[in-house]
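Subject: Structure handover

Hello,

Here is the structure for you to take over. My notes follow it.

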Amino acid sequence: MNLTIVISRILLKSIINKNIKIIKIAAVILPPIVALAVAIYIKFYYTPGHGISCFTHKYLNFYCMGCGSTRQMYYALNGEFLKAFKMNVGCIVIYPTYLYLYYIILRWAIKNKKIDYSHAYVIAALALILSLYSIVRNIPLDALDFLRP
């Protein structure tokens with residue numbers, strides 16, 4: 001192995017070990033704060049059709065797995081759950097995936113549980129499902145219109 005790689009790994013490990021408490025606190029506190037800030041923005045300041053347009057859809061004309069999510073959150077926060085669900089059907093997988101990732105972070109940060117490979121397999125399977133969802137929602141069939149926002 002290259003000596004510079006070994007030295008950089010040792011330095012990085014040293015930096016992480018010294019700041020592990022700060023990293024764990026940030027890992028536990030920041031996701032809910034960011035989620036709350038996004039929810040407040042969407043609830044009080046966002047208007048459907050006047051937000052940031054999706055890069056993937058704008059330039060590639062391709063619906064990604066997240067297309068429609070902002071409108072979905074807007075409608076959900078305003079109590080229109082059926083309309084919200086129709087904006088992005090993939091939320092059935094996307095939101096539980098976020099919760100699962102946060103659960104893994106909490107186990108690591110609070111209980112000092114190692115992040116093992118079984119979590120990586122679950123995350124890889126969910127990523128595969130979401131990738132397939134992104135592909136299928138772009139197939140130009142009328143029967144698949146319900147997948148597009």
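Helices (H or I, at least four residues) and strands (E, at least two) are DSSP runs, numbered from the N terminus. The model is predicted, so local features need pLDDT of at least 70 and side-chain atom pairs pLDDT 80 or more, while totals for chains, interfaces and linings use all residues. Residues are numbered from 1 along each chain as its sequence is written, and side-chain values use heavy atoms, without hydrogens and water.

Pockets

A pocket is an open set of points on a 1 Å grid over the protein atoms alone, where a 1.4 Å probe fits, with protein on both sides within 12 Å along at least five of seven lines; lining residues have an atom within 4 Å of a point.

The second largest pocket is lined by 21 residues, with Ile-52, Ser-53, Cys-54, Thr-70 and Arg-71 closest to its centre. Helix α4 gives the most to this lining, 4 residues. α2, α3 (55–60) and α4 each give two or more.

The largest pocket has 23 lining residues; Ala-35, Val-38, Met-73, Tyr-95 and Tyr-98 lie nearest its centre. Here α6 gives the most, with 7 residues, and α2, α4 (69–77) and α5 (81–87) are also among the elements that supply at least two.

Helix contact

α2 (residues 20–45) and α6 (residues 91–111) pack with their axes 10 Å apart (lines fitted to C-alpha atoms over the stretch in contact). Contact means heavy atoms within 4.5 Å; residues including Ile-20 and Lys-24 of α2 and Tyr-102 and Trp-108 of α6 make it.

Regards

How values were computed: Axes fitted to C-alpha atoms, helices over the stretch in contact; angles between N-to-C directions.
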